Amino acid sequence: MLKKKRNKSRPEGSFENRLRKFAADTRSAARKMPPGRERDALMKKARQTEAVMEVSEMLTFRK
C-alpha cells in the first residue's frame with residue numbers, strides 16, 4: 001500500500017490576513033445577491049469569521 005505524501009506547502013499570508021480577506025470577500029459577495037437565504041448565509045459566515053478574528057486577536061494579545 002502506497003502512502004500519500006503530505007502537502008507541505010504553506011498558505012500565502014498570515015492567518016489573520018486570510019481571515020480578513022475571507023470575511024471581506026464573503027460580505028462583498030453577499031451584498032451583490034438579492035435578499036434571501038443564500039445572502040443571509042453568506043452574511044452569517046462573514047460575521048462568524050469576524051468573531052474568529054476577534055478571538056484570535058485576544059489570544060495573540062495575551063502572549
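**View 1. Thr-26, a buried residue of helix α1.** Thr-26 counts as buried because its relative accessibility is 7%, where buried means under 20% relative accessible area, exposed over 50% and partly exposed in between (1.4 Å probe, protein chains only). Thr-26 lies in helix α1; helices (H or I, at least four residues) and strands (E, at least two) are DSSP runs, numbered from the N terminus. Leaving aside residues up to four places away in sequence, Thr-26 touches Leu-42, Lys-45 and Ala-46, contact being heavy atoms within 4.5 Å. This is a predicted model, in which local features need pLDDT of at least 70 and side-chain atom pairs count only at pLDDT 80 or more, while totals for chains, interfaces and linings use all residues. Residues are numbered from 1 along each chain as its sequence is written, and side-chain values use heavy atoms, with hydrogens and water left out.

**View 2. The buried residues of helix α2.** Met-43, Ala-46, Thr-49, Met-53 and Ser-56 are the buried residues of α2. Their cover includes α1 (15-31). The chain contains two helices and zero strands, and 16% of its 63 residues count as buried.

**View 3. Leu-59 and a nonpolar surface patch.** Leu-59 is placed in helix α2 (residues 37-61) and counts as exposed because its relative accessibility is 56%. Val-55, Met-58 and Leu-59 make a nonpolar surface patch of about 310 Å². Such patches are made of residues with over 30% relative accessible area and no salt bridge, nonpolar side chains (Val, Leu, Ile, Met, Phe, Trp, Tyr) being joined within 5 Å and like charges within 9 Å. A salt bridge is a side-chain nitrogen of Lys or Arg within 4 Å of a carboxyl oxygen of Asp or Glu. Accessible areas come from the Shrake-Rupley method with a 1.4 Å probe; for residues, only the protein chains shown count as cover.
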